[in-house]
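Welcome! Take a moment to look over the structure below, and then we will walk through some of its features together.

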Amino acid sequence: MDQLGLGQGGDGGDGGVDPVQDRVTVDPADIQEGGTFRAAIGSGPDTFDYPYSSSATASILHNLIYDSMITTSATGEIYPWLAESIEQVDVQEASASSYADYMTEVPYTETEDGATVIDTDAQIVVEHPDNDPESDDQARVLTVNEAGNAVSDGTYGMHYRFELHEGVTFHNGNELTAQNVVQSYERIRNSTLSGQVYDSMLDIQADGDYTVNLYVQEPDAAAIRELGGHPVYPEETATLPPQEMDPRQGNTPLGSGAFQFEEFEDGQYVVFTKFDDYWFDTEMKDWFEGPSDFPNGPAVDEVDISFVQEDASRSAALQEGEIDMSYGLTASTLNDYQSSEDYRTAATDAAGYTFLQYPVTVEPFTDSRVRRAINHLIPRESIAENIFSGWENPAWTPLPPVASGAGTDDYEQLTEDGKEYNSYDRERATELVEQAVEENGWETPIQVQLETNSDNQDRVRTVELIQDSLNQSDYFEASLETYEFLDFIGQLLSSEYYDDGKLAFIGLSGGFNPHGYAKSVHHPDNFAQCCNFQNIDDEDLNQLLRDARYGTDVAQDPELRQERYNEVWNRVLELNANSYGTHSTLVGVVDSNVVNGFNTYPSTQDIIGYAMYSPQDEQITYLTQDN
């Protein structure tokens with residue numbers, strides 16, 4: 001799942017090179033049980049209701065209490081988790097037109113801002129390729145109500161069978177069954193997350209108590225990774241109304257994870273305690289190759305997480321011994337911690353980047369030359385060196401190294417090619433903007449309103465540097481506004497934001513699938529979700545994305561898929577609807593006098609849960625004193 005990150009290489013996503021730098025290992029004989037692991041993160045959750053969350057920091061909390069059918073190692077290798085086994089039953093040719101006989105007609109309608117949309121409350125799964133809102137009154141669509149009929153007739157692209165472990169219990173004591181999985185996935189319908197699921201999923205069905213059949217619309221090279229990792233909840237929370245799986249709505253979030261929800265103070269803190277009836281046992285997994293005495297659950301008894309917006313305040317709390325861990329600290333602070341014997345900077349090549357998104361529907365940003373001119377005025381090398389002190393690297397390409405294994409056949413060449421578009425070049429910027437201004441008759445200087453979140457000082461300093469660079473040009477006049485993170489997200493996810501003419505600078509925290517690094521910030525499926533805020537819609541790129549992920553050819557030929565992603569990145573750079581700042585390095589800083597075994601996961605979403613207990617990497621954190 002791609003999410004908005006607070007900020008925040010390996011070969012990426014295929015069980016290749018470990019992106020964790022200087023990984024520490026633990027001898028099970030040394031583990032001390034008990035204690036409270038105390039952490040501070042930059043923001044509280046937008047919601048505990050996973051399908052309605054767009055915040056990476058909220059997922060830090062979700063991943064402590066919710067389990068999924070699969071799990072992923074730090075190298076991106078997929079392992080069955082709640083599922084005992086996963087079987088690809090069938091792959092067959094299918095496309096949107098294959099579902100024509102099962103489709104229903106629903107009317108088009110016009111929104112208040114003049115946009116034409118399909119008027120149905122049902123989750124749309126597939127739209128007919130011949131739909132034309134300009135000439136038709138009705139759209140032909142397959143919704144979740146008709147998808148089962150197609151499956152019954154054998155019309156689908158892929159079929160996966162998940163056999164669940166028996167005896168898994170939720171935090172409320174109920175046993176987890178296949179029906180819980182189905183209900184949990186149905187909760188995604190029409191949610192904030194729906195665009196990232198129903199671009200692939202056709203239907204999901206329970207067969208008895210422990211078998212889940214998942215059907216995919218068409219052959220999809222990323223199906224398991226994208227569809228197998230969503231949380232499973234008990235019926236009492238899975239069937240709650242949208243956005244009500246939250247203590248602020250009077251409902252306790254429940255899962256089957258190693259920790260259970262205990263206490264929450266909005267804007268202040270959340271407390272999780274170890275789940276005594278946690279289901280996991282290393283003997284249940286034939287893939288586990290660790291020592292026989294490796295624990296069957298986390299070592300710590302409790303995880304307390306404080307929400308502290310200012311990175312300086314989080315750093316002060318760490319130095320005062322009030323917390324054991326934080327992340328997202330400024331680069332200058334990380335340098336100090338790195339040189340201290342009392343702290344450990346646990347760094348990893350991260351699955352994410354910072355990016356500047358242009359209002360592509362508002363003049364003069366409708367002209368790609370204006371966007372590319374600004375792009376050539378972003379001093380990436382200076383940002384990486386002077387602001388991040390080398391902790392982060394210039395983003396010459398939109399693909400972070402952690403996802404490069406599946407996303408290109410030559411990452412080194414892709415990086416070199418990207419420098420042509422992304423190098424700091426004032427002369428080239430002048431040529432481009434002069435061409436655009438002369439052809440369109442626009443006046444200069446062009447007003448540029450930059451926006452970012454105020455709670456990340458490195459990010460604010462980055463945008464200030466971009467602002468200064470633009471203002472050194474005769475053709476741009478840039479200003480900057482900052483907002484608290486959740487307030488900023490609220491603006492970005494508004495369906496009206498794209499019409500305001502503002503340039504948003506924020507971070508994307510992704511995963512190991514290369515697809516999301518292009519789709520989430522470009523595709524119309526992700527408009528007003530994460531992370532297409534500006535209503536970007538490029539037909540050429542949309543088709544290239546389809547060709548790189550869908551079809552029996554790429555689903556069965558990884559090398560062909562790599563080649564097709566090369567075309568995706570070239571189009572992304574040519575379009576320049578987004579400019580990329582730096583590829584993230586995620587650094588968890590811990591008190592080394594207390595914390596042992598902590599390693600940082602490449603994605604912000606699992607920075608704490610992964611460290612506490614991840615047997616797929618023989619990862620466990622323990623405390624040397626009961627604090």
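What volume does the largest cavity have? The answer is about 940 Å³, in what is a predicted model. Of the 41 residues lining this cavity, Asn63, Thr72, Gly229, Tyr601 and Asp606 are the closest to its centre. Several elements give at least two residues each to the lining: α1, β3 (70-72), α5 (223-227), α20 (609-612) and β24 (613-614). The largest share comes from α1, with 4 residues.

Helix α1 spans residues 56-65 and is mostly covered, with 9 of its 10 residues buried. Among the buried ones are Ala56, Ile60, Leu61 and His62.

There is also an open space to explore. The largest pocket has a volume of about 2200 Å³. Its lining is made of 49 residues, and Ile118, Glu127, His523, Pro524 and Asp525 lie nearest the centre. Two or more lining residues come from each of β7 (116-118), β8 (124-127), α4 (194-197) and α17 (539-549). The largest share of the pocket lining belongs to α17.

Here are the two spaces side by side.

| Largest cavity | about 940 Å³ | 41 residues | α1, 4 residues |

Now let us turn to a sheet. Four strands form an open sheet in the order β5-β10-β12-β11, and their pairing is antiparallel. From one strand to the next, the twist averages 20°.

β11 pairs with β12 (residues 211-216) in the antiparallel sense, over 6 bridges. Within this part of the sheet, Gln205 stands opposite Asn213 in β12.

Two helices lie across these strands. Helix α2 (residues 144-152) lies across β11 and β12 and runs at about 75° to β11. Helix α3 (residues 178-186) lies across β10 (158-164), β11 and β12, at about 155° to β11.

Is Gln88 buried or partly exposed? Its relative accessibility is 44%, so Gln88 counts as partly exposed. Apart from neighbours within four places in sequence, Gln88 is in contact with Met158, His159 and Tyr160. The C-alpha atoms of Gln88 and His159 are 6.1 Å apart, although 71 residues separate the two along the chain. With Tyr160, Gln88 makes a side-chain polar contact of 2.9 Å.

The next stop is Thr211, in strand β12. Thr211 counts as buried because its relative accessible area is 11%, under the 20% cut-off. Leaving aside neighbours within four places in sequence, the contacts of Thr211 are Arg161, Phe162, Glu163, Ala178, Gln205 and Ala206. One of these, Gln205, is the residue that stands opposite Asn213.

Terms used:
Residues are numbered from 1 along each chain as its sequence is written. This is a predicted model: local features need pLDDT of at least 70, side-chain atom pairs count only at pLDDT 80 or more; totals for chains, interfaces and linings use all residues. Side-chain values use heavy atoms; hydrogens and water are left out. Two strands pair if DSSP finds at least two bridges between them. Axes are lines fitted to C-alpha atoms, for helices over the stretch in contact, and angles run from 0 to 180 degrees between N-to-C directions. Contact means heavy atoms within 4.5 Å. Buried means under 20% relative accessible area, exposed over 50%, partly exposed in between (1.4 Å probe, protein chains only). A polar contact is a pair of N or O atoms within 3.5 Å; within protein, one must be able to donate a hydrogen and the other to accept it, and residues adjacent in sequence count only if both atoms are side-chain atoms. On a 1 Å grid over the protein atoms alone, a cavity is a set of points where a 1.4 Å probe fits but cannot get out, and a pocket is an open set with protein on both sides within 12 Å along at least five of seven lines; lining residues have an atom within 4 Å of a point. Grid points are joined across faces, edges and corners, and a volume is the space filled by probe spheres set on the points.
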